[in-house]
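Work through each one with the structure open.

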Amino acid sequence: MANQLMVVIPCYNEEEVLPETSKRLVDKMNSLMERGLITEDSRVLLVDDGSKDRTWEMISELHKENPLFEGLKLSRNRGHQNALLAGLMTARNRCDISISMDADLQDDMDAMDRFIEKYNEGCEIVYGVRNKRETDTFFKRETALFFYRLMKALGVDITYNHADYRLMSNRALNALAEFREVNLFLRGLAPLVGFQSDVVYYDRSERFAGESKYPLKKMLAFAIDGITSFSVKPLRLITTVGIVIFLVSILMLLYALIAWLTGNTVAGWTSMLGSIWLIGGIQLLSLGIIGEYIGKIYNETKNRPRFIIDRYLNRRGDDPVIDQ
């Protein structure tokens with residue numbers, strides 16, 4: 001049975017890669033239509049996340065030339081996760097299933113066929129998982145693997161080696177809309193939706209053109225957001241460290257008392273200096289971790305919109321009906 005599909009692609013300064021991406025998407029969507037896997041009113045939704053180059057102009061041109069393409073323009077840059085959510089919340093009113101992917105052509109489009117097959121078998125969410133990370137640098141590969149292991153160790157339900165290449169049914173999208181977090185980490189939210197799910201393995205290619213939108217600074221910020229948004233174990237770790245230091249301080253107090261009673265009261269400056277720096281460093285680190293959580297609470301209580309739509313290009317002239 002054919003399903004109406006909406007492919008959601010967040011774009012930020014993608015003018016170099018967008019022509020090739022759109023060409024391959026046309027071929028893939030036509031192939032899926034010919035095979036009867038999706039309906040002819042299926043669409044590709046390109047979300048411009050406040051790009052500074054010609055990305056929006058190119059999206060507008062694609063929309064004029066081919067009814068397959070729709071465009072969503074955010075009022076300003078809100079980051080990859082917010083742009084993706086804006087597209088998904090727009091798509092959920094217009095499709096049976098959605099597939100989210102990046103514009104850089106690293107995700108294998110042929111995996112979409114297997115996504116849809118898994119959906120037809122009863123899966124509401126299908127995760128695209130890399131077979132390997134040979135296209136990554138050694139540093140990026142090892143830090144990414146460490147991140148996934150750390151998230152698992154902290155009790156976060158996350159799919160190993162999965163980015164944001166996934167299929168979600170209309171039912172799953174409606175469930176996702178119930179989550180009100182301002183601090184978004186969709187890789188962690190999708191498993192919380194529940195429902196039957198499965199994975200599809202694929203080989204990830206090198207970026208076709210342009211530069212990565214996730215330099216080291218953004219990768220670290222993204223990792224911190226993921227950890228602090230889904231686990232309180234760092235706070236519990238602070239408590240554990242505090243208890244350990246308290247017990248050690250009791251032992252040191254007993255040692256000092258015994259030394260005073262026995263007349264051996266000459267103290268070394270090395271142990272004193274080391275203790276001061278150690279405890280001071282632990283205190284500052286603890287305050288920093290607590291500050292991360294307080295900052296997130298602050299952002300959540302303000303309840304600001306996660307994104308604002310500037311323009312929505314579609315053939316029916318609809319306004320986006322979006323639950324933020």
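A salt bridge is a side-chain nitrogen of Lys or Arg within 4 Å of a carboxyl oxygen of Asp or Glu. The model is predicted: local features need pLDDT of at least 70, side-chain atom pairs count only at pLDDT 80 or more, and totals for chains, interfaces and linings use all residues. Residues are numbered from 1 along each chain as its sequence is written, and side-chain values use heavy atoms, with hydrogens and water left out.

**Exercise 1.** Find the salt bridge between Glu 124 and Arg 171, and say which parts it ties together.

Solution. Step one: check the distance. N to O is 3.3 Å. Step two: place the residues. Glu 124 lies in the loop between α4 and β5, and Arg 171 in helix α6 (residues 170-176), so the pair ties together parts that are 47 residues apart in sequence. Helices here are DSSP runs (H or I, at least four residues), as are strands (E, at least two), numbered from the N terminus.

**Exercise 2.** Decide whether Glu 124 is buried or exposed.

Solution. Step one: recall the cut-offs. Buried means under 20% relative accessible area, exposed over 50%, partly exposed in between (1.4 Å probe, protein chains only). Step two: apply them. Glu 124 has 15% relative accessibility, so Glu 124 counts as buried.

**Exercise 3.** Describe the salt bridge between Asp 113 and Lys 28.

Solution. Step one: the closest N and O atoms are 2.8 Å apart. Step two: Asp 113 sits in helix α4 and Lys 28 in helix α1, so the pair ties together parts 85 residues apart in sequence. Step three: both residues are buried.
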